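Let us walk through this structure together, one part at a time. Please have the model open beside you as you read.

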Amino acid sequence: MFFDPNYLMFVILPALVLSLIAQFFVRAAYSKWGNVQNGSGLTGVQIAERIMSSTDVHGVGLQGTPGELTDHYDPRDHTVHLSQKVAGVPSVASMAIVAHELGHAQQHQERSFLITMRNFLVPAVQLSPTIGYFMIILGLMLQITGLFWLGILAFGVMVIFMLLTLPVEIDASLRGLKLLRQSGLIAVQQDASGAQQVLTAAALTYFAAAIQAVLQLLYFISLGSRRN
């Protein structure tokens with residue numbers, strides 16, 4: 001299938017273009033707002049502490065993590081991991097990223113429907129892409145139609161996971177912006193617009209990943225239909 005011009009044209013090329021566009025916007029937004037001081041003059045760690053002292057988000061651990069744009073929330077130990085530039089720099093980008101990760105923490109505290117559904121699929125999605133690819137390729141090679149479609153079903157679990165991830169991330173960003181306002185951290189309009197730009201750019205990466213997964217699934221379905 002990797003030599004199928006349809007795969008290159010309708011899956012690889014669009015996925016590559018979307019990925020590059022998303023990365024460009026993320027880097028541009030982070031580069032711009034990572035050098036603009038937020039109105040409160042607080043670092044990422046201080047922003048997190050202020051939010052936890054002013055809202056219903058409590059007991060979240062803070063820990064450093066190497067690299068750039070590697071910030072994430074780990075639900076296993078209820079900890080937000082912050083990169084050095086986010087943790088120690090009082091920028092608008094730091095404020096937005098910290099608030100987003102604490103938005104995830106709030107999702108888990110409240111056991112929101114979206115995060116519950118995505119977590120339910122985590123064990124399956126760790127294996128479904130590998131199993132799905134294996135069954136699809138083996139089904140094509142051996143011309144076993146049933147095995148091929150079982151592979152598509154397995155791959156579909158990963159697609160559902162990716163589609164659920166997008167609203168989860170958008171919801172975390174909306175929660176993050178609300179947490180900033182509740183904590184009195186949106187000191188000037190620049191804070192609000194900058195944070196919104198950073199979070200919107202980040203959401204594009206999940207949008208691109210979801211589109212890529214859907215395109216692959218549609219290609220596999222079309223491939224099966226043609227062979228039938």
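This is a predicted model: local features need pLDDT of at least 70, side-chain atom pairs count only at pLDDT 80 or more; totals for chains, interfaces and linings use all residues.

The side chain of arginine 76 meets that of aspartate 74 in a salt bridge, at 2.9 Å from N to O. A salt bridge is a side-chain nitrogen of Lys or Arg within 4 Å of a carboxyl oxygen of Asp or Glu.

Residues are numbered from 1 along each chain as its sequence is written, and side-chain values use heavy atoms, with hydrogens and water left out.

How many salt bridges does the structure hold? There are six. One of them joins lysine 85 and glutamate 68, whose side chains meet at 3.3 Å, N to O. This pair links distant parts of the chain, 17 residues apart: lysine 85 is in helix α3 (residues 84-88), and glutamate 68 is in the loop between β1 (61-64) and β2 (72-74). Helices (H or I, at least four residues) and strands (E, at least two) are DSSP runs, numbered from the N terminus. Glutamate 68 counts as partly exposed, at 33% relative accessibility. Together with Arg27, Glu68 and Lys85 are linked in a network of salt bridges.

Another salt bridge lies within a helix. Aspartate 171 pairs with arginine 175, the closest N and O atoms being 2.8 Å apart. Because these two are four residues apart in helix α7 (residues 145-182), about one helical turn separates them. Aspartate 171 is partly exposed at 21% relative accessibility, and arginine 175 is buried at 15%.

Now turn to helix α5 (residues 113-125), whose 13 residues reach 18 Å from first C-alpha to last, close to the 18 Å expected at 1.5 Å a residue. That expected span is 1.5 Å times one less than the number of residues. Which residues of α5 are buried? They are Ile115, Arg118, Leu121 and Val125. These cover an arc of only 130° around the axis, which puts them on the same side of α5; the arc is that of the directions from the helix axis to the C-beta atoms. Phe113, Phe120 and Pro123 are exposed on the other side. The buried residues of α5 pack against α4 (92-110), α6 and α7, with contact meaning heavy atoms within 4.5 Å.

Helix α6 (residues 128-142) has 15 residues and spans 20 Å between its first and last C-alpha, close to the expected 21 Å. Its buried residues are Ser128, Pro129, Gly132, Met135, Ile136, Gly139 and Leu140. Seen down the axis, they fall within an arc of 140°, so they line one face of α6. On the other side, Thr130, Phe134, Met141 and Leu142 are exposed. Just after α6, glutamine 143 takes a positive phi of about 55°.

Our last stop is glutamine 216 in helix α8 (residues 189-227). Glutamine 216 counts as buried, at 8% relative accessibility. Leaving aside neighbours within four places in sequence, glutamine 216 is in contact with Tyr7, Val11, Tyr133 and Phe155.

How values were computed: Buried means under 20% relative accessible area, exposed over 50%, partly exposed in between (1.4 Å probe, protein chains only).
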